[in-house]
Amino acid sequence: MTSLTSTPKTRPAAGRTRQLFWEEAVQDWQSARNEGRRPEFSEYVTRNLRALREGVGREAGTVASMRTVHRIHLPDGLPDGDPDRLPRSYIAEHYTLTLFGLHQHTGAEPVHQEGIGLGTACLSLPRNEALTQDASTRRLIAAANAQDMHELAHHLQRLVPLLRKAGISLDYTRLFRDLNRWDGPERTRVLRAWGLQYTDPGLPTPSGDDEKSADRERAPYWTTFEPGSPDNGAELAALRSGTGREAGTVAAMWPFHRTSMASEWRDKGSLTRDLTAEHVALTLFARHQQTHDHRMHVPGHSPGTAAGLLARKAATDSDGKGETAALERRFGVLLTSADADELAMHLRYLVPRLNKARIGLDYDLIRSALRTWDDPRWTDAVSGYRHKWDRDFHRAATS
């Protein structure tokens with residue numbers, strides 16, 4: 001099985017004294033090896049794996065043979081045969097157990113491997129030639145777009161056999177937590193973790209400064225964008241779908257993220273300044289690039305330069321003076337943005353006008369500005385941007 005460590009770990013999750021069944025199965029297999037016997041699952045595990053497979057496609061609490069395998073206790077007086085009254089954690093455990101049963105079926109070694117999230121597992125599918133990159137991406141995005149836990153489990157039932165065939169392990173304790181969070185506010189963190197795992201193998205240790213990770217990133221999408229590609233329309237539409245949404249939670253955008261971060265933050269689905277800045281820059285670029293057959297990312301074109309060129313172009317129209325004055329006022333408001341969110345709001349006003357006027361913008365600079373605008377560690381950054389962009393505006397507007 002594909003794993004991140006040589007020996008599967010089986011310690012109980014924090015707050016539990018008894019291992020979940022898939023953890024017990026790993027311990028059972030390891031015990032045989034540690035005792036010098038042939039490493040294999042005991043009859044106890046094998047029998048219960050058969051019971052888990054009987055539960056595939058059936059409602060939680062309705063499969064009698066699975067009841068002894070559950071480790072989530074039901075409240076007193078609650079019949080486990082009434083699926084409408086079962087706790088969410090019990091249902092999540094039911095789905096996780098059945099998925100583990102499918103995954104472990106016919107496997108001689110444990111498939112539960114601590115530390116391998118769903119995004120990491122799916123990233124390995126093309127490497128193992130189980131699926132193409134595009135097919136793997138589509139499967140993961142379909143799961144990520146599930147409206148509830150039941151739909152998510154349905155998608156995972158189709159995905160897990162592919163992991164089994166490719167010999168790829170999965171952290172079932174983590175998957176259990178993900179399923180349990182799916183119908184609540186923590187879904188955004190689950191989504192972000194999957195997306196980051198899928199697009200970034202992770203830096204080995206936390207840097208303590210996520211801005212420094214930019215030096216290790218792959219080239220951002222806007223610098224590699226090729227005008228005229230037949231896929232451009234679908235790609236830009238996917239990026240525009242993220243406008244106004246939280247970074248890392250829009251599955252359609254995952255293939256276009258290039259932000260790297262420490263594995264610890266990635267696996268927790270952390271929302272960093274780097275990721276947020278790239279997300280906003282991608283959505284702005286997509287709006288800017290649409291309808292154009294040349295790249296709208298223009299190195300050196302600051303918002304000041306772009307707005308100044310727009311003002312100069314407006315001055316040639318019939319209502320030139322009024323339009324130029326209005327642009328200068330709006331740009332002045334942009335310069336006084338109190339934080340990165342306000343800056344993004346003003347850029348969303350500016351970009352459609354630049355699109356119409358066919359004026360480009362430096363998206364490397366946009367991302368850097370969004371990342372550092374209100375960062376207390378970069379106290380001088382915002383004043384530097386304001387002074388330079390103001391000079392750029394007046395130079396471009398009057399030259």
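User: Which residues line the second largest cavity?
Analyst: This is a predicted model, and in it the second largest cavity is lined by Arg-192, Gly-195, Leu-196, Thr-199, Gly-248, Trp-254, His-257 and Leu-275. Helix H8, residues 187-199, gives the most to that lining, with four residues.

User: How much space lies in the second largest cavity, and what classes of residue does its lining have?
Analyst: About 40 Å³ of space lies in the second largest cavity, and its lining has three nonpolar, four polar and one charged residues.

User: How many cavities of 30 Å³ or more does the structure hold?
Analyst: The structure holds three cavities of 30 Å³ or more, and about 80 Å³ of space lies in the largest cavity. The lining of the largest cavity is made up of Ala-307, Leu-327, Arg-330, Phe-331, Leu-334, His-346, Tyr-349, Leu-350 and Phe-393, and the elements that give two or more residues to it are helix H14 (320-335) and helix H15 (340-357). H14 gives the most, with four residues, and by class the lining of the largest cavity has seven nonpolar, one polar and one charged residues.

User: What about the pockets: what volume does the largest pocket have?
Analyst: The largest pocket has a volume of about 550 Å³, and of the 19 residues that line it, Asp-134, Thr-137, Glu-235, Pro-255 and Phe-256 are the closest to its centre. The largest share of the lining of the largest pocket, five residues, comes from H5, while by class this lining has eight nonpolar, five polar and six charged residues.

User: And which residues lie nearest the centre of the second largest pocket?
Analyst: Thr-276, Val-280, Ala-340, Asp-341 and Ala-344 lie nearest its centre, out of the 21 residues that line the second largest pocket. About 370 Å³ of space lies in the second largest pocket, and helix H12 (273-289), H15 and helix H16 (363-372) each supply at least two residues of its lining.

User: Changing topic, which residues touch the most other members of the largest nonpolar core?
Analyst: Of the 59 residues in the largest nonpolar core, Phe-100, Tyr-172, Leu-179 and Trp-194 touch the most other members. H6 gives the most to this core, with nine residues.

User: What does Leu-179 touch?
Analyst: Not counting residues up to four places away in sequence, Leu-179 touches Ala-92, Tyr-95, Thr-96, Leu-99, Met-149, Leu-152 and Leu-156.

User: Is Leu-52 buried or exposed?
Analyst: Leu-52 has 0% relative accessibility, so it counts as buried, the cut-off being under 20%. Leu-52 has its place in helix H2 and, leaving aside neighbours within four places in sequence, Leu-52 is in contact with Phe-21, Met-66, Val-69, Leu-97, Thr-98, Phe-100 and Gly-101. As a general background point, nonpolar side chains tend to be buried together in soluble globular proteins.

User: One more thing: what pLDDT does the protein chain average?
Analyst: The protein chain averages a pLDDT of 89, and 88% of the residues score at least 70. Over residues 2-8, however, the pLDDT is below 50, and this stretch has 19 contacts in the model beyond near neighbours in sequence. Over residues 205-216 the pLDDT is also below 50, and that stretch has 27 contacts in the model beyond near neighbours in sequence.

Note on methods:
Residues numbered from 1 in each chain as written. Heavy atoms only, no water. 1 Å grid on protein atoms, 1.4 Å probe; cavity = no way out; pocket = protein on both sides within 12 Å on 5 of 7 lines; lining within 4 Å. Points joined across faces, edges and corners; volume = space filled by probe spheres on them. Nonpolar A, V, L, I, M, F, W, Y, C, P; charged D, E, K, R; others polar. Core = buried A, V, L, I, M, F, W, Y, C linked by side-chain atoms within 4.5 Å. Buried < 20%, exposed > 50% of the residue type's maximum accessible area, 1.4 Å probe, protein only. Contact = heavy atoms within 4.5 Å. pLDDT = per-residue confidence, 0-100.
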